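Here is a friendly walk through one protein model, helix by helix and residue by residue. Keep the structure open as you read.

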Amino acid sequence: MAQRGTPISQTFAEFQTRVRSLLPGVLVAFIVAITAQFIAEHHGAPAMLMALLLGIAISFLGEEGKAVEGISFSARTLLRVGIAFLGVRISMDLMAGLGIELILLVIGGVLATIAFGLLIARFFGHGWRFALLTAGSVAICGASAAMAIAAILPKDDRSEQRLIFTVMGVTVLSTIAMILYPILVEQMGLSALEGGMFLGGTIHDVAQVVGAGFSISEETGDTATLIKLIRVSMLAPVVVIAALLIRQFAEVPADGERPPILPVFVVAFLVLAGLNSLHVIPAAVADALSQASRWLLLTAIAAVGMKTNLKRVLAVGGPAIALLITETLFIAGLILVGLHLLL
């Protein structure tokens, strides 16, 4: 009996050792996430951006010491779990109240923005990896999309630098849009439907979409949130198709890492979205997973900040900022033209 129990005891001991090695870093990242959320709730600052900046402020913890391993775990594994849990926000019922033309406009806006980013990136001195990262984050759902897309890109020594810059850039631009776009909606005299379509179809992050929409009216806020979630639902198919194309056609650097054919977190996202569409997941469970997703992503982005070398991020330079702004203006102009033609 002792011999039979030995492998189990050994496995349990290895598990305990693993937990002890990860716990300090995970706890630090989670404390930063809680602090960021507190600042967001009491001072109106974007929680994602606060988590990132606070993480960068204590980036020395990600370089050496007991927290290093847990910080890396948070930035990679917790990130993927958080993205997978986003699937519970998606349901086919969300689209039932909109006409097919408006749904196609939203989907077309996402795909056109990604194609536009890939097309113009060379004029800003950047390659396809940075183009896909920035355009995907602008087109779909900001920081969350950036982190999901980064997970399927071939890795090199600049991968984290590109990710951090993109997360910071789209979060700042999304916050600016949250302030300016509602003013633009009222100046143009858009209806609640048109205003919600514009805000939900153009602002990068979900939280900023909600803030902008409900700052105008409840109807505008509901429409904006619905449209934004349709964009979020594009995350999985875009990541799947991109992963397959990258694996088939992209050259992987000698020191790089080939991405998986289909990341597990994307499969989990699709499964949860499908179950939610079938109303299999109880509302309480879906809400709990949605909240868990938010906290996991906040913790992950705090950890990413702690792994960041700020000098290297800032070295990305002006052309990268110009690329992000150009992609942001492109999707805004495209949605406005589409609304003018359809409504």
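## Helix 8 against helix 15

Helix 8 crosses helix 15 with a right-handed sense; a crossing is right-handed if the near helix is turned clockwise from the far one by less than a right angle, and left-handed if anticlockwise. The helices here are DSSP runs (H or I, at least four residues), numbered from the N terminus. This is a predicted model, in which local features need pLDDT of at least 70, side-chain atom pairs count only at pLDDT 80 or more, and totals for chains, interfaces and linings use all residues. Residues are numbered from 1 along each chain as its sequence is written, and side-chain values use heavy atoms, with hydrogens and water left out.

Helix 8 covers residues 192-202 and helix 15 covers residues 318-342; their axes come within 9 Å and cross at roughly 150 degrees. Axes are lines fitted to C-alpha atoms, for helices over the stretch in contact, and angles run from 0 to 180 degrees between N-to-C directions. Helix 8 is therefore roughly antiparallel to helix 15 (angles over 145 degrees count as roughly antiparallel, under 35 as roughly parallel, 65 to 115 as roughly perpendicular and the rest as oblique). On the helix 8 side, the contact (heavy atoms within 4.5 Å) involves Glu-194, Met-197, Phe-198, Gly-201 and Thr-202, and on the helix 15 side Ile-331, Ala-332, Ile-335, Leu-336 and Leu-339. By class, seven residues of the contact of helix 8 with helix 15 are nonpolar, two are polar and one is charged. In this scheme Ala, Val, Leu, Ile, Met, Phe, Trp, Tyr, Cys and Pro count as nonpolar, Asp, Glu, Lys and Arg as charged, and the others, Gly among them, as polar.

Next, look at helix 3 (residues 68-85) and helix 12 (residues 264-277), which pack at an angle of about 20 degrees with their axes 7 Å apart. That angle makes helix 3 roughly parallel to helix 12. Helix 3 passes helix 12 in a right-handed crossing. Arg-80, Ile-83, Ala-84 and Phe-85 of helix 3 meet Phe-265, Ala-268, Phe-269 and Leu-272 of helix 12. The contact of helix 3 with helix 12 has seven nonpolar residues, no polar ones and one charged.

Helix 10 (residues 218-233) and helix 11 (residues 235-249) have axes that come within 4 Å and cross at roughly 20 degrees. These two helices, helix 10 and helix 11, are therefore roughly parallel to each other. Helix 10 brings Arg-231, Val-232 and Ser-233 to the contact, and helix 11 brings Leu-235, Ala-236 and Pro-237. Four nonpolar, one polar and one charged residues make up the contact of helix 10 with helix 11.

## The nonpolar cores

Which residues have the most contacts inside the largest nonpolar core? They are Ile-83, Ile-140, Met-147, Val-167, Leu-235 and Ile-301, in a core of 65 residues. A nonpolar core is a set of buried Ala, Val, Leu, Ile, Met, Phe, Trp, Tyr and Cys residues joined through side-chain atoms within 4.5 Å. A second, separate core has 33 residues, including Ala-121, Phe-165, Met-197 and Ala-212.

Ile-140 touches Val-110, Ala-145, His-204, Lys-228, Arg-231, Val-232, Met-234, Leu-235 and Val-238, leaving out residues up to four places away in sequence.

## Buried and exposed residues

Val-106 sits in helix 4 (residues 100-120). With 3% relative accessibility, Val-106 counts as buried (buried means under 20% relative accessible area, exposed over 50%, partly exposed in between, with a 1.4 Å probe and protein chains only). Beyond its neighbours within four places in sequence, Val-106 is in contact with Met-197, Ile-227, Ile-230 and Arg-231. Val-106 and Ile-331 are 225 residues apart in sequence, yet 9.8 Å apart in space, C-alpha to C-alpha.

Gln-208, in helix 9 (residues 206-214), is buried at 5% relative accessibility. Setting aside residues up to four places away in sequence, Gln-208 touches Pro-46, Thr-171, Ser-174, Thr-175, Met-178 and Ile-203. Is His-279 buried or exposed? His-279 is exposed, with a relative accessible area of 55%, and lies in the loop between helix 12 and helix 13 (283-306). Its phi is near 60 degrees, a positive value in a residue other than glycine.
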